Amino acid sequence: MSEYHKVRTASDGQIVTNINPNNYKDGKVSKRSIPDIAAEIPLIPEAELEQRGTEKYQSDSDPSANKKWGVAWYKQEYPDNMETVNTTDPEQLVQDVSSTAVLTPLDDDLVGEIQEIKDRGNWTGRFDFLMSLLGYSVGLGNVWRFPYLAYSNGGGAFLFPFILMLLLLGIPLMFMELAFGQFAALGPAVIYDRFCPLFHGLGYGMITVSALVAIYYTVIIGWCILYLFLSFTAELPWESCGEWATQYCYSHVEAEACHAVNHSVYYHRQCYNASMAELHNITELARNQTRHAPAQDFFEQGVLNMSTGIEEMGNIQWKIALCLLAAWTLTFAALSKGVKSTGKVVYFTALFPYVVLCILFFRGITLPGSIVGIEYYLTPRFDKLGDAKVWSDAAAQIFFALSPAWGGLITLSSYNKFHNNCFKDAMIVSVGNICTSIFAGFVIFSIIGYLAQELNMPVDKVVDQGAGLAFVVYPDVVTRLPVSPLWSILFFVMMITLGMGSEFALLETVLTAIQDTYPQLRSKKTWVVLVVCIMGFLCGLSVTTRGGMYLLQLMDAYVSSWMVFVMAALECIIVGWIYGGERFIEDIELMIGRQKRSFHTYFKVFWQFLSPVTLLSVLIFNLIQYKPLKFDKYVYPVWANGVGWLLSLIPMLFIVSLMIYQLKNVAPGELSLGEKFRYLLRPSKEWGPAHKVPTFKLDDDEIVPDTNTISNPNFSSSNPFETKI
């Protein structure tokens with residue numbers, strides 16, 4: 001077994017191999033030994049050795065060589081026929097982790113220390129990140145979107161495509177993005193410029209999606225804040241039909257009071273005695289009448305004052321605008337100090353909703369008729385599985401729940417410590433999110449079953465998709481509970497915390513993009529947050545108008561669907577094929593340690609084949625089944641759908657325009673177009689792990705270890721390999 005090791009010299013750019021470790025003692029190498037050895041072996045010109053990105057420490061040139069030239073590579077097991085390091089004296093270990101000669105004594109089980117980017121920040125603890133990730137993925141969509149999709153797409157049978165999409169898309173994509181951001185400690189705005197410069201615009205496309213979603217998502221939080229204020233009263237305003245109610249408003253309180261008077265009949269908010277009901281056939285009309293819960297009319301007319309369509313946007317509703325201002329103020333307060341302050345807030349925002357959901361679950365299953373709703377939720381209708389829409393809805397819900405290709409996962413993980421086990425985090429959060437959705441389904445359907453019996457309606461007709469479940473079903477059911485204002489307060493505090501957990505991550509994605517693109521702004525974090533929050537508030541005012549609900553539904557339908565599938569598929573192709581699935585897994589192993597061969601095979605198959613094929617299939621199914629947008633009975637005009645398509649194509653504009661810019665201004669001009677494409681598909685020289693690397697400085701007599709470090713290419717915009725002396 002050889003006792004010689006490969007080292008690159010720092011003086012002349014040549015490669016010197018087979019340096020005998022016996023020639024250096026106590027971390028020092030005599031310069032006299034280097035020429036002696038160099039004279040005995042051929043020197044390879046540096047021009048023939050140009051390598052970019054992680055090729056510097058993962059070379060494919062020698063299949064038999066150990067490829068773990070990185071953090072803690074000496075922990076790996078070697079085949080019997082592979083040369084290894086003499087580890088009898090840990091002070092003599094030699095490690096090649098960069099393009100500079102590294103001869104370092106090891107005083108720890110890790111090589112170097114985790115280095116925090118100046119003014120960027122890190123999570124103060126692993127659970128801060130885990131809670132933030134859980135708060136980001138578990139949001140309002142778990143409360144209303146998943147249950148609706150379940151009962152409109154086969155009930156219990158919907159769980160099969162939903163869980164299958166979790167395996168095909170959710171877990172592989174979530175793990176890929178968490179590992180991606182953690183490895184480089186960069187947000188999506190910068191990371192793609194170094195990882196695959198040709199697709200630099202992909203990161204900005206993701207940021208665009210997060211920014212647009214944050215605009216209307218904050219308005220929903222504003223609605224919750226308004227309801228919270230309205231709940232501080234002796235009697236909830238939606239317990240009975242008020243001046244805002246339509247003729248279809250049906251108050252169970254008023255109806256019971258009417259029936260108590262000689263079997264009078266309650267119809268269109270009027271109480272008719274038996275004789276009048278008989279004379280005008282009121283009894284039959286009342287039996288077949290359309291009924292709205294007071295909470296529905298209160299939400300649509302009392303709160304939103306909805307217009308007849310998106311053509312009539314109307315005036316700003318100042319109550320909602322003030323609550324929107326309050327929502328952005330809370331967001332500013334939580335984000336102004338960076339992820340260190342956000343990490344503490346999310347302990348409450350991520351965990352409190354589970355307390356309220358458990359309380360509502362036990363109350364819901366005790367209501368009359370709740371079993372009917374739960375049976376509807378669990379009864380599988382397998383004939384629905386032949387409909388392609390069911391499968392595309394399952395994929396869309398996975399994206400809505402776990403948010404891959406939105407940029408948030410890359411952003412949150414970029415603040416992790418380098419050796420955090422991101423694979424374990426991905427498994428915990430993805431499984432936890434799905435279990436939360438399924439549990440929320442039991443809570444909601446127990447209540448819907450009760451309302452179906454109360455309103456004498458089929459279960460699937462009680463409420464429509466969208467905000468209905470959050471602002472109609474739940475507010476209505478709390479009126480049936482003792483001390484209903486208290487339950488209403490708890491519920492809307494839960495809704496605010498659910499929304500805020502997701503909102504923090506959406507805004508942090510935008511803020512990280514700004515600060516990574518302009519590092520000089522990191523020291524002015526508070527001002528950056530303030531400007532972003534003000535701009536978000538001003539943009540959100542359009543959603544507080546009388547036609548704001550139609551605009552919100554338009555943005556929700558187009559912004560977070562079509563292009564998200566395209567960007568996720570591109571991401572899989574870049575990682576799985578252009579960069580290389582095996583190579584990416586080797587990068588991951590630098591962070592979490594060597595994994596079993598089955599781990600390599602599983603994720604390579606998904607990143608290279610199953611996930612992109614599934615995404616493209618879902619996209620094609622969506623395009624084939626495309627229909628102009630509808631909201632309840634309202635059909636959006638052609639121009640409104642055109643606006644929706646423009647919103648959905650904004651990310652593609654970033655991708656294409658920055659691709660053209662890179663080809664014209666970044667790639668060397670002497671190359672042909674095809675060569676430019678190949679050049680820009682390779683990682684840039686700045687690509688590398690977010691880890692501190694020891695370095696050495698030269699004097700006349702010897703190479704001496706020094707406490708100075710090579711700046712990690714991710715931490716500086718200057719020459720990434722320039723040694724600090």
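Start with alanine 405, which sits in the loop between H14 and H15. Helices here, H or I of at least four residues, and strands, E of at least two, are DSSP runs numbered from the N terminus. Before going on, the ground rules. This is a predicted model, where local features need pLDDT of at least 70, side-chain atom pairs count only at pLDDT 80 or more, and totals for chains, interfaces and linings use all residues. Residues are numbered from 1 along each chain as its sequence is written, and side-chain values use heavy atoms, with hydrogens and water left out.

Back to alanine 405. Its phi is positive, about 70°, although the residue is not a glycine. Is alanine 405 buried or exposed? Buried, with a relative accessible area of 0%. The cut-offs: buried is under 20% relative accessible area, exposed is over 50%, and partly exposed lies in between, using a 1.4 Å probe and protein chains only.

Serine 403 is in the loop between helix H14 (388–402) and helix H15 (408–413). Serine 403 is not a glycine, yet its phi is positive too, near 60°. At 2% relative accessibility, serine 403 counts as buried.

Next, helix H5. Of its 8 residues, 7 are buried, so H5 is largely enclosed by the rest of the structure. Which ones are they? Pro188, Ala189, Val190, Ile191, Tyr192, Arg194 and Phe195. The cover over them includes helix H4 (159–184), helix H6 (200–230), H15, helix H18 (484–517) and helix H21 (562–592).

Phenylalanine 195 belongs to H5, residues 188–195. Its relative accessible area is 1%, so phenylalanine 195 is buried. What does phenylalanine 195 contact, leaving aside neighbours within four places in sequence? Phe180, Ile574, Val575, Tyr579, Arg682, Pro683 and Trp687. Contact means heavy atoms within 4.5 Å. Look at valine 575 in that list. Phenylalanine 195 and valine 575 are 380 residues apart along the chain, and their C-alpha atoms are separated by 9.1 Å.

On to a helix pair. The axes of helix H20 (residues 548–559) and helix H23 (residues 638–666) come within 8 Å and cross at roughly 45°. That angle makes H20 oblique to H23. Axes are lines fitted to C-alpha atoms, for helices over the stretch in contact, and angles run from 0 to 180 degrees between N-to-C directions. Under 35 degrees is roughly parallel, over 145 roughly antiparallel, 65 to 115 roughly perpendicular, and the rest oblique.

Who makes the contact? From H20, Leu554, Met555, Tyr558 and Val559. From H23, Ala640, Asn641, Val643, Gly644, Trp645, Leu647 and Ser648. By class, the contact of H20 with H23 has 8 nonpolar, 3 polar and no charged residues. Nonpolar covers Ala, Val, Leu, Ile, Met, Phe, Trp, Tyr, Cys and Pro; charged is Asp, Glu, Lys and Arg; the others, Gly among them, are polar.

Last, the cysteines. How many disulfides does the structure hold? It holds 1. Cysteine 241 is joined to cysteine 249, S to S 2.0 Å. The criterion for a disulfide is a pair of cysteine sulfur atoms within 2.5 Å. The link of cysteine 241 and cysteine 249 is left-handed, with -95° about the S-S bond. Both cysteine 241 and cysteine 249 are buried. Cysteine 323 also counts as buried, at 5% relative accessibility. Cysteine 358 is partly exposed, with a relative accessible area of 34%.
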